[in-house]
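Here is a brisk report on pockets, strands and aromatic rings. Please keep the sequence and the model open as you read.

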Amino acid sequence: MSRPVVAQLDLQALKDNLHIVRRAAPASRVWAVVKANAYGHGLDRIWSALSAADGFAMLNLEEAILLRERGWKGPILMLEGFFNSDELPLFDKYRLTTSVHSNWQVKALQNAKLHAPLDIYLKVNSGMNRLGFQPDRVHSVWQQLRALKNVGGMTLMAHFADAEKPEGIVEPMRHIEQAAEGLDCPRSLSNSAATLWHPEAHFDWVRPGIILYGASPSGQWQDIANSGLKPVMTLRSEIIGVQTLKAGDTVGYGSSYRASGEQRIGIVAGGYADGYPRIAPSGTPVWVDGVRTGTVGTVSMDMLAIDLTPCPHAGIGTPVELWGNEVKVDDVAAAAGTIGYELLTALAPRVPVVTL
């Protein structure tokens with residue numbers, strides 16, 4: 001690792017975050033959501049730290065197979081189900097639970113030749129209008145699936161678009177209750193936000209994602225600041241150069257930052273090719289030499305500049321935290337007009353990752 005930028009993963013924080021989830025939903029089983037390569041943390045690196053979960057939920061068949069090959073024998077839920085009927089033999093072989101959200105999937109299950117029935121999560125469109133059956137169709141589709149020899153256990157599944165809001169699940173729950181009328185079935189409804197803030201939606205299985213990794217489902221760190229959740233990923237680097245500006249000097253491409261007076265700046269090894277957001281404006285927080293300061297100028301492919309005014313002793317080789325325990329990824333994302341999910345999942349493959 002000759003270049004100093006590195007992502008550090010705190011696996012104990014991951015275990016602690018799962019414990020906090022269990023405290024928040026003590027009567028529910030937990031699907032640990034590890035889609036998008038475990039939210040950018042690397043599924044192969046972190047899954048064992050989440051092995052106390054009751055199951056793993058993801059999208060990619062390749063990642064499900066990886067978990068089976070690593071020895072995970074518990075449930076695996078494929079959140080978007082199978083993408084074509086040719087995948088069903090692999091779902092059968094690796095004993096995967098599949099969501100069902102479309103008519104063609106019902107037909108594919110009917111026609112498949114399987115060694116044993118597959119467990120099903122029937123998805124309700126609760127108003128988000130992505131995937132799922134309309135509530136008035138759920139009962140008939142449920143009965144259709146229940147009659148198939150290829151279908152084992154069945155659970156009703158839905159998702160919330162606005163669970164970070166106090167009244168955000170009221171209308172979706174009305175749709176879900178309409179869909180579930182007359183069905184005596186397990187339910188899995190709660191994403192991260194509902195797991196933390198809507199215990200009335202916990203039911204049989206919760207599906208926490210971003211909170212396992214220590215970031216906020218609302219995009220605002222203060223919303224989880226008192227929860228005990230801890231960031232798992234810290235993106236670190238070092239100052240590799242120092243410049244002293246005089247009034248009128250500019251920094252970086254496009255000359256978007258102009259010094260108003262004499263100012264020391266540090267050049268950090270880390271840029272948008274590492275996953276740091278190019279659109280982060282001057283003033284985006286960073287942590288340097290025990291002090292919170294900010295970026296200056298436009299983020300480059302491989303470097304970014306920071307204001308050293310609050311940390312006069314910082315120089316070449318001084319460590320810099322781009323996000324992590326001191327500067328939350330949610331705060332960096334908010335400055336860039338996005339969410340922590342995007343930054344974590346955008347960590348570039350060229351960045352070395354170490355586990356603590």
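In which sense do β7 and strand β8 pair, and over how many bridges? β7 and β8 (residues 187–190) pair in the parallel sense, over two bridges.

## Basis

This is a predicted model: local features need pLDDT of at least 70, side-chain atom pairs count only at pLDDT 80 or more, and totals for chains, interfaces and linings use all residues. Residues are numbered from 1 along each chain as its sequence is written, and side-chain values use heavy atoms, with hydrogens and water left out.

## Strands around β7

Helices (H or I, at least four residues) and strands (E, at least two) are DSSP runs, numbered from the N terminus. Two strands pair if DSSP finds at least two bridges between them. β7 pairs with β6 in the parallel sense, over five bridges. Y121 has T155 in β7 as its bridge partner. On the β8 side, L156 has R187 as its bridge partner.

β6, helix α7 (residues 135–146) and β7 form a right-handed β-α-β unit. Right-handed means that, with the strands pointing away from the viewer, the path from the first strand over the helix to the second runs clockwise. Six of the seven residues of β7 are buried, so β7 is largely enclosed by the rest of the structure. Buried means under 20% relative accessible area, with a 1.4 Å probe and protein chains only.

## The largest pocket

A pocket is found on a 1 Å grid over the protein atoms alone: an open set of points where a 1.4 Å probe fits, with protein on both sides within 12 Å along at least five of seven lines. Lining residues have an atom within 4 Å of a point. Grid points are joined across faces, edges and corners, and a volume is the space filled by probe spheres set on the points.

The largest pocket holds about 690 Å³ of space. Its lining counts 30 residues, and K35, Y39, R130, H159 and N191 lie nearest its centre. α2 (35–39), α9 (192–197) and α11 (340–345) each supply at least two lining residues. α2 gives the largest share, three residues. By class, the lining has 16 nonpolar, eight polar and six charged residues. Here Ala, Val, Leu, Ile, Met, Phe, Trp, Tyr, Cys and Pro count as nonpolar, Asp, Glu, Lys and Arg as charged, and the others, Gly among them, as polar.

## The second largest pocket

The second largest pocket holds about 240 Å³. It is lined by 18 residues, and W31, P75, T97, D119 and Y121 lie nearest its centre. β6 (118–123) supplies at least two residues of this lining, as do β2 (29–33) and β7 (151–157). β6 gives the most, four residues. The lining divides into 11 nonpolar, three polar and four charged residues.

## Aromatic rings

Rings of Phe, Tyr and Trp (its six-membered ring) pair if their centres lie within 6.5 Å; planes under 30 degrees apart count as stacked, over 60 as edge-to-face and the rest as tilted. The structure holds nine aromatic pairs. F56 and W72 have ring centres 4.8 Å apart and planes at 80°, so the pair is edge-to-face. This pair links distant parts of the chain, 16 residues apart: F56 is in strand β3 (residues 55–58), and W72 is in the loop between α4 (61–70) and β4 (76–78). Both F56 and W72 are buried.

F82 and F91 also pair edge-to-face, at 6.0 Å centre to centre and 80° between the planes. F82 and F91 are both buried. Elsewhere, ring pairs link W31, Y121 and W205 into a cluster.

Conventions
Buried means under 20% relative accessible area, exposed over 50%, partly exposed in between (1.4 Å probe, protein chains only).
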